[in-house]
Amino acid sequence: MKKSKLSQVVVAAAVVATLGLTAACSGDSGSDGGDSSKDKSSAGQQGGGEEQAAPALTEAQLKKAIIGDSDVKGFKFSGQGSEDAAPDQEKVGAECQPLGDVLSDTTDPKPKATTSKGGADVKFSAMAYVGLAAHEQADAEKVLGNVRTAAKACKGFTDSEGVKSTVAEETAPDAGDEAVAYRISGESDGEKMSMAVNVVRSGSTVAVFYGMSLNGKPSEIPAGLLDAQVKKLEAVK
């Protein structure tokens, strides 16, 4: 069995470039729900609010909503091919599975349409990825719930080749309707790598962001990426 792309992203920047900046595992998505680090959606709709659930965006709308190639200062993005996005079939345990699933569009519920872009800074010292997945709003909320639960429960995993990675929940960004953040860290052949991940729901769309440092500095999501992408997503009707 191949090493999971999730682990490959963590431990080898060269592999990440070859894979077109995709990170993936697939399998059972685990349970949904959990404490909300930032959740303005379900509570507002179930409580005093009477907001109408947002319909799933079409593939054409997603492509219109994805960040532009030069929208983030210092970074250049480009579209990813469907073959690059194909996930390896490797399970990493029920507690961790949703964290890999959301990176590879293999969530349960499955998205109705997806699009993504990957990029690097001009010095190739950092890489970043953004992916959009269209759902019905209730399904998008479930996906975020699954990821939130997994970010709290998953402490780490070992892939089929014995590479160990650790997972740590981080403070969710103030973006979209709700958000989750976590960091995956690992080591292979003495090389330490990490990947910072943010998952944001805006209406019925799940947006996934990750960032990797290629120069030994802490991995971060590029400054301005979340704001630029969420603003563009919210403008699509």
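Helix α7 covers residues 225-235, and its buried residues are Leu225, Leu226, Gln229, Val230 and Leu233. Look down the axis of α7. Those buried residues fall within an arc of 110°, so they line one face of the helix. Keep in mind that this is a predicted model.

Now the other side of α7. Asp227, Lys231 and Ala235 are exposed there.

What covers the buried residues of α7? The cover includes helix α4, residues 59-65. It also includes strands β1 (75-79), β3, β7 (191-202) and β8. Hold on to β3 and β8. They come up again with the rings.

So, the rings. How many aromatic pairs does the structure hold? Two. Phenylalanine 75 and phenylalanine 77 form one of them, and that pair is stacked. The distance is 6.0 Å centre to centre, with 25° between the planes. Are these two residues buried or exposed? Phenylalanine 75 is buried, with a relative accessible area of 13%. Phenylalanine 77 is buried too, at 1%.

Next, tyrosine 129 and tyrosine 210. Their ring centres are 5.0 Å apart and their planes sit at 20°, so this pair is stacked. Where in the chain do the two tyrosines lie? Tyrosine 129 is in strand β3, residues 126-134, and tyrosine 210 is in strand β8. They are 81 residues apart, so the pair links distant parts of the chain. Tyrosine 129 has a relative accessible area of 3%, which means that it is buried, because the cut-off is under 20%. Tyrosine 210, at 1% relative accessibility, also counts as buried.

Strand β8 runs over residues 205-213, and serine 213 lies in it. Why does serine 213 count as buried? Its relative accessibility is 8%, and buried means under 20%.

What does the side chain of serine 213 reach? It makes a polar contact with the side chain of asparagine 215, at 2.7 Å. The side chain of serine 213 also reaches the backbone oxygen of lysine 217, at 2.9 Å.

Then come the contacts beyond its neighbours within four places in sequence. Serine 213 is in contact with Ser125, Ala126 and Met193, and also with Pro218 and Ser219.

To recap. The buried residues of α7 line one face of the helix, and β3 and β8 are among the elements that cover them. Tyrosine 129 in β3 and tyrosine 210 in β8 make up the pair that links distant parts of the chain.

Definitions and conventions. Residues numbered from 1 in each chain as written. Predicted model: local features only at pLDDT ≥ 70, side-chain atom pairs only at ≥ 80, totals over all residues. Heavy atoms only, no water. Helix = DSSP H or I, 4+ residues; strand = E, 2+ residues; numbered from the N terminus. Buried < 20%, exposed > 50% of the residue type's maximum accessible area, 1.4 Å probe, protein only. Polar contact = N/O pair within 3.5 Å; in protein donor to acceptor, adjacent residues only side chain to side chain. Contact = heavy atoms within 4.5 Å. Phe/Tyr/Trp six-rings, centres within 6.5 Å; stacked < 30°, edge-to-face > 60°. Arc of directions from axis to C-beta.
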